[in-house]
Amino acid sequence: MPNCFLISFFVALSYLVGVLNASIGDSNPHYKSCVEQCEKTGCIGGRCFQQCRFFSDGVSVDGPQYMQEPLYLQWKQFDCPSECKYHCMLDREKEREMLGLEPVKYHGKWPFKRVFGIQEPTSVLFSVCNLAMHFYGWLSFFILLHYKLPLRPKDRKPYYEYTGLWHVYGILAMNAWFWSVVFHFRDVDLTEKLDYSSAVALLGYCFIMSILRAFSVRDEAARVMVAAPLIAFVTTHILYLNFYKFDYGLNMKVCVLMGVAQLVIWIVWGGLTRHPSRRKLWVVTVGSALAMLLELYDFPPYKGFIDAHALWHAATIPLTYLWWSFLKDDAKFRTTNLIKKVK
């Protein structure tokens, strides 16, 4: 749940990147002339790039240079234009630093320094940590339900009514963070779509789960009635983004609506229920709201590596651990109550 609401806010904030793609940095005449000259000559000053190899007529030798690399490296797609933009950005930022000026955005994004070809190394690191935390949380949840808590005598299945549903949540969460790792590693159209699509899928599923758990929907037919229209809506939205039009504005509205709705549901349920672990739920919801401030306080990356978005990724790590702890407590609580009713 912490990731779900924060993802909705991140997607909404990313709308600004989509619609305000032209930034102060890339509109600067010195930057523009640097990129244009680099794309013509393949060089910046005395530095020339392998990605920019030309015939006399300006056509690249044997296609893009990255296609000449080993297959496992081709996906990075560091072609001539991307290399020119990156190195012109670094040179321009060095000039600004010497003049005592603050960094500015280029093409809607802060100037990050690559590490071993990774575009945003800190965000990649924290995304990997979130992925690992979800895997740990999901695995411990699985072990608790299937090996530690009592099972039903008839079919040897867990008593907890939401077991399968939270397993699906774990898989979707790990999938979303995996593509977050890939997207921050290399930002291209494909990785952007996969990152956004997996985030929207997770967000929609979290919305469904908030309704099912808060309103104690246990009947299978009732669950289908709740989930089916929402699944159809989210699926249609993802298909629309990927195969018709990648509409940042529409995506922002959809994600904010689902994110705010589920946050309200969890807050109200946490306030009304007598759940023994409701304090953990409160910490997660309040922590999620506070973590949003990191995205609102959008500052340039420190030393070219750590920005507000990277710190937001870091903040979700402990919240994820606490969320899975709440889910395990919920499983224990419901199992204990169901066993008492059977007896």
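Modeller: A helix here is a DSSP run of H or I of at least four residues, a strand is a run of E of at least two, and both are numbered from the N terminus. The model is predicted, so local features need pLDDT of at least 70 and side-chain atom pairs pLDDT 80 or more, while totals for chains, interfaces and linings use all residues. Residues are numbered from 1 along each chain as its sequence is written, and side-chain values use heavy atoms, with hydrogens and water left out.

Colleague: Where does Ser216 lie?

Modeller: Ser216 is in the loop between α7 (189–214) and α8 (220–243).

Colleague: Why is Ser216 called partly exposed?

Modeller: Buried means under 20% relative accessible area, exposed means over 50%, and partly exposed is in between (1.4 Å probe, protein chains only). Ser216 has 29%, so it counts as partly exposed.

Colleague: What is the phi of Ser216?

Modeller: Phi is near 50°, a positive value in a residue other than glycine. Most residues other than glycine have a negative phi. Phe116 also has a positive phi, about 55°, although it is not a glycine. Phe116 sits in the loop between α4 and α5 (121–148).

Colleague: Is Phe116 buried or exposed, and why?

Modeller: Its relative accessibility is 79%, so Phe116 counts as exposed.

Colleague: What makes Cys34 and Cys88 a disulfide?

Modeller: The rule asks for a pair of cysteine sulfur atoms within 2.5 Å. The sulfur atoms of Cys34 and Cys88 are 2.0 Å apart, and the pair passes. Cys34 is in helix α2 (residues 29–41) and Cys88 in helix α4 (residues 80–98), 54 residues apart, a link between distant parts of the chain. The torsion about the S-S bond is about -85°, so this disulfide of Cys34 and Cys88 is left-handed. Both cysteines are buried.

Colleague: How many disulfides does the rule give?

Modeller: The count is three. Another joins Cys38 to Cys84, S to S 2.0 Å. This pair also links distant parts of the chain, with Cys38 in helix α2 and Cys84 in helix α4, 46 residues apart. Cys38 and Cys84 are buried. Cys43 and Cys48 form a disulfide too, with sulfur atoms 1.8 Å apart.

Colleague: Which hand do the links of Cys38 and Cys84 and of Cys43 and Cys48 have?

Modeller: The torsion of Cys38 and Cys84 is about -70°, so that disulfide is left-handed. The link of Cys43 and Cys48 has 100° about the S-S bond and is right-handed.

Colleague: Why do Cys129 and Cys255 get the labels they have?

Modeller: Cys129 has 30% relative accessibility, so it counts as partly exposed. Cys255 has 1%, so it counts as buried.

Colleague: How much helix is there over residues 250–269?

Modeller: That stretch is 100% helix and 0% strand, with its end C-alpha atoms 29 Å apart. Residues 309–327 are likewise 100% helix and 0% strand, with end C-alpha atoms 27 Å apart. Both stretches are among those that an unreviewed UniProt entry annotates as "transmembrane region"; UniProt positions follow the numbering used here, feature names are shortened, and annotations may be inferred rather than shown by experiment.
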